[in-house]
Amino acid sequence: MKVLRNEEDKSVAEAQLPKVISLLDKLAKKNIIHKNKAANLKSKLTKHVNKLG
């Protein structure tokens with residue numbers, strides 16, 4: 001997640017986003033993080049990637 005958040009290149013960030021989302025879903029499914037926390041993180045990361053220019 002930190003690598004994706006620090007990424008400046010939009011194409012690289014778009015390539016990493018599905019992997020990070022999948023990881024968050026797995027963590028939520030195993031009850032390591034709450035499902036709402038995972039949803040909030042996915043939303044914030046998606047907004048960050050879309051904002052890149």
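The largest nonpolar core has 11 residues, namely Leu4, Ala13, Leu17, Val20, Leu24, Ala28, Ala38, Leu41, Leu45, Val49 and Leu52. Such a core is a set of buried Ala, Val, Leu, Ile, Met, Phe, Trp, Tyr and Cys residues joined through side-chain atoms within 4.5 Å; buried means under 20% relative accessible area, exposed over 50%, and partly exposed in between (1.4 Å probe, protein chains only). Helix 2 and helix 3 are the elements that give two or more residues to this core, and helix 2 gives the most, with 5 residues. In soluble globular proteins, nonpolar side chains tend to be buried together.

The model is a predicted one, in which local features need pLDDT of at least 70 and side-chain atom pairs count only at pLDDT 80 or more, while totals for chains, interfaces and linings use all residues. Residues are numbered from 1 along each chain as its sequence is written, and side-chain values use heavy atoms, with hydrogens and water left out.

The protein has 3 helices and 0 strands, so its elements run α-α-α from the N terminus on, where helices (H or I, at least four residues) and strands (E, at least two) are DSSP runs numbered from the N terminus.

Ala38, Leu41, Leu45, His48 and Val49 are the buried residues of helix 3. They cover an arc of only 95° around the axis, which puts them on the same side of helix 3; the arc is that of the directions from the helix axis to the C-beta atoms. Their cover includes helix 1 (2-6) and helix 2 (10-29). On the face turned away from the buried side, helix 3 carries the exposed residues Lys35, Lys44, Lys47, Asn50 and Lys51.

Leu52, a member of the core, touches Glu7, Glu8, Asp9, Lys10 and Ala13, not counting residues up to four places away in sequence; contact means heavy atoms within 4.5 Å.

Asn31 lies in the loop between helix 2 and helix 3. Asn31 has a positive phi of about 60° although it is not a glycine, and is exposed, with a relative accessible area of 67%.
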